[in-house]
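Subject: Two-chain model, with notes

Hello,

Here is the model I promised to pass on. Please open it before you read the notes below.

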Amino acid sequence: MHIVVCTKQTPDSEAKMSVDEAGNVSWGESPLIINPWDEYAVEEALLLRDKHGGAVTVISMGPEEALEALKHAVAMGCDEAICIWDDACADSDTLATSYVLAKTIEKLGDVDLLLFGKSAIDAETWQTGSAVAHRLGVPSLMYVIKIAELDPDGKTITVERLLEEGRQVVSASLPAVVGTTKGINEPRYTSFMGIRKAARMEYPLWTLADVGAEADKVGAAGSGVRWPQVFAPPVREGEAEIIEAETVEEAASVLVEKLLAEKVI
Amino acid sequence: MSNDIFVWVEQFKGQPAAASWEAVGTARHLADTMGGHVTACVFGGQGVEALAQEAISYGADAVLLAEDATLADFRVEPQVALLAKAVREAGPTAVLIGATFRGRELGPALAVELDTGCIADCTALEFEDGQLVATRPIYAGKLLSKCTIPERRPRIFTTRVRAFPKPEPDSARSGEVVRVEPVLAEGDILSQVAGFQETEGGVSLADASIIVSGGRGVGGPEGFEPVRELAKTLGGALGASRAAVDAGWIPYEHQVGQTGKTVSPDLYVAAGISGAIQHQAGMRTSKVIVAINKDPEAPIFKLAHYGIVGDLFKVVPALTAALKEKLG
C-alpha cells in the first residue's frame with residue numbers, strides 16, 4: 001500500500017502574530033512547525049502502513065528552506081519525503097496549491113490513499129484536501145474521526161466522519177482522500193533515532209517541470225483569491241464585571257438579571 | 001455577467017441548517033446593493049420541497065429544487081455536479097455556502113470544478129467599489145484578512161456560522177420554484193453512506209445560541225453533571241476545553257477552541273476554564289461571555305463580560321436554580 005500525506009509548515013500555535021504597516025505578517029521568534037493537524041494524518045498513515053504493509057510518502061509544497069514539516073513527518077516514521085517548489089508557486093491560493101499537489105500525486109502514480117489534516121492553522125481555509133480529491137476525481141472523505149475498515153486488496157475504505165449532527169459512516173473505493181481530525185489517534189512523539197534519520201535524509205526538490213505542472217496555473221496567475229490586506233483585530237477594551245455578593249445564590253441571581261438585560265437568555 | 005447570487009441550502013433529514021438562512025440573508029443584502037437576484041439551491045432527498053418556500057421566506061427570489069435519493073445523505077460529488085451545472089447555466093456572480101462541515105467540503109470542490117476562487121469562513125462580506133470584499137480570520141483569529149476574487153467568476157464564499165444574522169422569515173414573499181434533476185446517477189458516485197450516529201444532546205455546538213462549557217476545573221467526567229444541567233436549563237449546547245477533552249472526561253465533539261470548534265453564541269458560559277489563548281481563539285467572538293472560576297487571576301476574566309469568582313460546583317447549581325426560578 002502506498003500512502004501519501006500532504007503537509008504544510010506553519011508558525012507555532014503559541015506564536016504571537018503581528019502585522020506591520022506594509023501588511024507583512026510576522027510570528028516573531030516562534031519556531032516554524034509541522035501544521036499540528038497534519039500530525040494526525042501522519043500518525044494515521046504510519047498506523048495503516050504498520051498494519052497493512054507498504055510505504056508512506058510525505059509531500060509538501062513550500063520553499064526549499066521550509067523543510068520543518070517534512071523533517072517532523074520523517075522523524076515520526078515516514079519513509080520518503082518530497083518538497084515541491086518553484087518561485088512561480090508564491091501567492092498560490094488553494095485552487096493553485098491543489099493543482100500542484102494533484103500533479104505531484106499523478107506523478108507518483110501508484111497512490112492508494114491520500115491523507116490530509118483537517119485544515120492548516122495559518123490560513124485556515126479547510127480547502128486543500130477536498131480540492132485535491134476533486135482534481136483527482138477520487139472520493140473525498142473529510143473530518144474523519146475513525147477509519148473503521150480498510151481493505152487494500154478489495155480497494156475499499158469505510159470511515160466515520162464528523163458532521164454537525166453526528167457521525168456519518170461512509171464507504172468508498174480506493175484511491176481516496178481522507179481528511180483526518182483530532183480524535184482519530186494520538187500522534188506519537190518523535191524519537192531520537194527518528195530525528196537523526198530526518199536530519200540525515202535527502203529531501204528531493206521537485207519543480208513544476210518535474211511534476212508536469214504549467215506555470216500559469218500556479219501562483220497568483222493560477223489563483224482565484226487575492227488577500228490585499230491583513231490587519232490585527234480590534235482589541236476588546238476593559239475587563240469583566242466581577243459580580244460580588246454575600247452569597248452564591250445572590251450572585252447567581254444578579255447575574256441572571258444582567259443576562260436578561262443583555263437579552264441573551 | 002449578472003449580479004445574481006446563488007446560495008446552497010444545506011439540510012439533514014429535511015431539517016435546514018441555520019447557516020444556510022444566514023447565507024440567504026447575506027445574499028439578499030448583497031443582491032439588493034448590487035441589483036441582482038438570489039437563487040437558493042435545495043438539493044436533497046424526497047421531502048425537501050418544504051424548504052423551497054422557506055428559502056423564499058428568508059429572502060430568495062427563486063429556488064432550484066432537486067429531490068432524489070442520490071442527494072438525500074450528504075456526499076460532495078453529486079452536490080458539486082448539480083450545483084456546478086446550475087451555475088454554468090445561470091452565470092451568477094457569486095455563490096454563498098454556509099461554512100459548516102458540509103459547506104467547507106463543498107466550496108473548494110466547486111471552485112476546482114468551475115476553475116475559480118473560494119474564500120473560506122468569511123465573517124463579513126461587503127460590496128465596495130464594484131468588488132465583493134470578504135473579511136476572514138486567520139491564525140486562529142489573531143489576525144484578520146480582507147480577500148477578493150477580482151477576475152474569476154463566480155466568486156465562491158463560505159460564510160462562518162453565526163457570523164451573519166439569521167434574517168426574519170417573511171411568509172408573504174413569493175418566488176418561482178424550478179425543479180432540476182441530478183447530474184450523477186448512483187452508479188457514478190464513488191462513495192456510499194452506510195449509516196449515521198447522531199450526537200447525544202441534540203443541540204449542535206456550531207449553531208447553538210447558548211453554550212455552557214466545562215474545563216479542567218470540573219475535575220472529572222461526573223463533574224460535567226452540573227455544567228450539563230445548566231446547559232439543559234438554558235436550552236444550550238454543552239462545550240468543553242481541550243484540557244477536559246484530553247483528560248478523557250468528554251468526547252472531542254464537544255471541544256471548543258483552536259483545536260476544536262470555533263463558536264460564536266449569544267451567550268458563552270465558561271465554567272472552570274482558565275481561558276488559554278487556544279480556547280479563546282474558539283469563542284472570543286461570543287456576544288456575551290460569562291466566566292466562573294475560583295482563580296481571580298485566570299485569563300478568562302480578561303475576555304469575559306461578567307465573572308463570578310468562586311467554586312463552580314456551588315456557583316453553577318446556584319445559577320441553574322436562579323434561572324429556573326426566573327424563567328419558570
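The notes below cover the contact between the chains, then each chain in turn.

First, the ground rules. This is a predicted model: local features need pLDDT of at least 70, side-chain atom pairs count only at pLDDT 80 or more, and totals for chains, interfaces and linings use all residues. Residues are numbered from 1 along each chain as its sequence is written, while chains are lettered from A and ligands numbered from 1 in the order in which they are written.

**Between the chains**

Chain A puts 68 residues into the contact, and chain B puts in 77 residues. Two residues are in contact if their C-beta atoms, placed from the backbone, lie within 7 Å. On the chain A side, helix 7 (248-261) is among the elements that supply at least two residues each, as are helix 3 (94-108) and strand 9 (140-151). Helix 7 of chain A gives the largest share of that side, nine residues. Helices (H or I, at least four residues) and strands (E, at least two) are DSSP runs, numbered from the N terminus.

The side of chain A that touches chain B has 35 nonpolar, 18 polar and 15 charged residues. Here Ala, Val, Leu, Ile, Met, Phe, Trp, Tyr, Cys and Pro count as nonpolar, Asp, Glu, Lys and Arg as charged, and the others, Gly among them, as polar.

Strands also pair across the two chains. Strand 15 of chain A runs parallel to strand 18 (residues 306-309) of chain B, over two bridges. Strands pair if DSSP finds at least two bridges between them. Ile242(A) stands opposite Gly307(B).

**Chain A**

Helix 2 (residues 68-76) of chain A is largely enclosed by the rest of the structure, because eight of its nine residues are buried. Buried means 20 or more other C-beta atoms within 10 Å of the residue's own; exposed means 12 or fewer, and partly exposed is in between, with C-beta atoms placed from the backbone. The buried residues include Lys71(A) and His72(A). Gly77(A) follows helix 2 of chain A and has a positive phi, near 140°.

**Chain B**

Chain B has domain 1 (5-188) and domain 2 (210-327), with bounds from an automatic or database domain assignment. Their centres, taken over C-alpha atoms, are 32 Å apart. Each domain gives four residues to the contact between them.

Chain B has an open, parallel sheet of seven strands, in the order 7-11-6-1-4-5-12. Strand 7 (118-122) and strand 12 (176-179) of chain B stand at the edges with a single partner each, so one side of each has no neighbour in the sheet. Inside the sheet, strand 6 (residues 94-98) and strand 11 (residues 155-159) of chain B pair over five bridges. Gly98(B) stands opposite Thr159(B) there.

Ala66(B) is in strand 5 (residues 62-67) of chain B. Ala66(B) counts as buried because it has 23 C-beta neighbours inside 10 Å. Arg179(B) is 113 residues away in sequence, yet 5.8 Å away in space, C-alpha to C-alpha. Beyond four places in sequence, the contacts of Ala66(B) include Phe43(B), Leu82(B) and Val180(B).

In helix 5 (residues 224-234) of chain B, the buried residues include Phe224(B), Val227(B) and Leu230(B). The buried residues line one face of helix 5 of chain B, because they fall within an arc of 165° seen down its axis. That arc is of the directions from the helix axis to the C-beta atoms. Among the elements covering them are strand 14 (210-214) and helix 9 (312-327) of chain B. Just after helix 5 of chain B, Gly235(B) has a positive phi of about 65°.

Best wishes
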